[in-house]
Amino acid sequence: MQCCYVSVSALMLLIDFYFSSILRCAVHASRFLCVFTVSRNLQISSKMSPEGKRLFNIVVLGFGFMFMFTAFQTCGNIEQTVIKSFNNTEFHGSGYTSMAIIYGVFSASNLIAPSVVTVIGPQLSMFFSGLLYSGYIAMFIYPYTWSFYTASVLVGIGAAVLWTAQGNVLAINSTDNTIGRNSGIFWALLQFSLFFGNLYIYCAWHGHVHITDKDRQTVFISLTVISLVGCFLFFLIRKPDPEPVAPSEQSQSLLQAESSESFSTASSPDVGLCSQALDAFVRACKMFGTREMLLLSLSIAYTGLELTFYSGVYGTCIGAMTRFGQDAKSLIGISGICIGVGEILGGGVFGMLNKCSRFGRNPVVLLGLITHYVAFYLIFLNIASDAPIAPEPGTDLQAYITPSVGVALLCSFLLGFGDSCFNTQLLSIIGFTFRDNSAPAFAVFKFIQSIMAALAFFYSNYLLLHWQLLILVLMGFLGCVTFFLAEWKAESRRQESDYDSI
């Protein structure tokens with residue numbers, strides 16, 4: 001009994017040391033970034049053109065999300081595998097259930113997210129939301145069931161605010177000519193997170209059949225610190241200059257000025273924050289019924305379903321395939337890297353080719369659908385049907401061909417590339433169509449996407465692989481058709497605008 005007490009005490013001291021180390025790192029990082037932000041902002045204000053400052057903001061936004069989601073996407077990719085390996089009989093959580101809670105709360109919170117961004121501004125919105133992400137990751141250092149699901153609820157709320165603020169910053173730092181380019185740059189930087197995080201997982205877990213407590217704690221301490229660095233990077237984002245202004249105004253923070261410009265109504269300047277927040281909420285609700293958003297809703301819904309599949313289900317399937325050998329667990333990291341390479345390639349290529357495209361967004365979306373269909377077919381042939389719900393030892397079943405690691409990793413790349421096709425074009429068309437109401441529009445986008453992701457994580461606990469693939473095939477086809485209709489309408493609107501400006 002005394003030995004047990006000493007062990008528990010030692011463990012608590014170790015945890016306290018971990019959190020103290022993380023806190024010290026965060027404090028030092030915040031001090032450095034505060035000093036760096038002041039000096040850097042003065043340089044930006046005096047040396048950069050308005051367009052250069054907007055591009056700088058997009059790059060900083062991308063790097064901030066890259067650090068945060070290096071931690072969070074890696075966490076989501078491995079958490080179900082990690083949970084199966086817990087040496088704790090008191091923990092009864094499920095990674096799929098946690099992600100379902102996150103995306104369920106995420107979807108509901110999107111209705112109030114524009115109001116939050118209106119009140120505190122996009123910069124602080126992203127920072128505080130990022131802290132919630134960091135808390136969720138830190139929970140895995142020493143998890144309890146209650147803290148696991150509580151953190152899931154909190155990060156769902158934070159996600160809604162984070163992505164609404166992100167969409168707002170992307171829109172106000174873009175023009176009709178640069179929205180496609182900026183969407184591609186942001187998406188490519190964001191998806192570098194899949195590369196770095198999963199490379200670390202592969203190196204840390206290579207040859208491990210079972211994930212020990214020490215393995216888990218080492219990984220999640222590192223991921224927590226990485227996430228905190230991303231949070232503080234948001235303070236480098238500055239208020240864009242839509243037109244030449246006085247030098248004294250150029251150094252103003254994005255913190256307060258942005259929310260008033262993006263969400264202000266035609267009413268008098270002394271309208272209270274509560275009225276602005278209510279107005280943002282009402283406009284977000286009304287946006288559901290617009291023809292453009294209804295047409296895009298099926299495409300957005302499909303991205304939610306395939307987000308669940310590539311970020312949570314497919315990695316678990318690979319790790320459960322005992323026919324891949326003793327390195328099956330470490331292959332989860334390699335799979336994530338291949339997804340990231342596909343995402344980065346797609347985001348970079350479509351961002352650079354945006355100005356050269358004469359055919360609009362439809363060919364890119366069609367390419368994404370074809371790429372996904374090839375991936376789904378190969379996965380159907382290569383991965384056992386019970387892999388998503390297999391127990392911790394894995395599954396010995398075989399699909400229709402001899403399981404191949406090469407085919408599995410090729411499918412990972414195709415999943416990432418196809419996802420970038422859909423998401424870059426959705427970001428572009430929403431930023432163009434709803435420029436004057438960017439925050440409510442991106443809130444609705446994330447509401448639809450997250451509620452479908454929550455639904456997918458829920459049924460992933462029960463459905464065999466081939467049923468999940470069938471759902472993706474059907475929703476992908478419907479989403480592609482409705483996107484074509486929305487794009488034709490957007491192109492018609494662009495041509496009318498060009499004609500009126502002559």
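Which residue has its charged end over the ring of Trp163? Before I answer, please keep in mind that this is a predicted model, where local features need pLDDT of at least 70 and side-chain atom pairs count only at pLDDT 80 or more, while totals for chains, interfaces and linings use all residues. Residues are numbered from 1 along each chain as its sequence is written, and side-chain values use heavy atoms, with hydrogens and water left out.

The residue is Lys446, whose charged end sits over the ring of Trp163 at 4.0 Å from its centre; that wording requires NZ of Lys or CZ of Arg within 6 Å of the ring centre and within 35 degrees of the ring normal.

Trp163 also belongs to one aromatic cluster, whose members include Phe69, Phe140 and Phe148. Rings of Phe, Tyr and Trp (its six-membered ring) pair if their centres lie within 6.5 Å, and planes under 30 degrees apart count as stacked, over 60 as edge-to-face and the rest as tilted. By that rule, a search of the whole structure finds 29 aromatic pairs. In one of them, the rings of Phe69 and Trp163 have centres 5.5 Å apart and planes at 55°, so this pair is tilted. Phe69 is buried, with a relative accessible area of 4%, and Trp163 counts as buried at 8%, where buried means under 20% relative accessible area, with a 1.4 Å probe and protein chains only.

Turning to Phe140 and Phe148, they form an edge-to-face pair, 5.6 Å centre to centre with 75° between the planes, and both Phe140 and Phe148 are buried.

Definitions and conventions. Buried means under 20% relative accessible area, exposed over 50%, partly exposed in between (1.4 Å probe, protein chains only).
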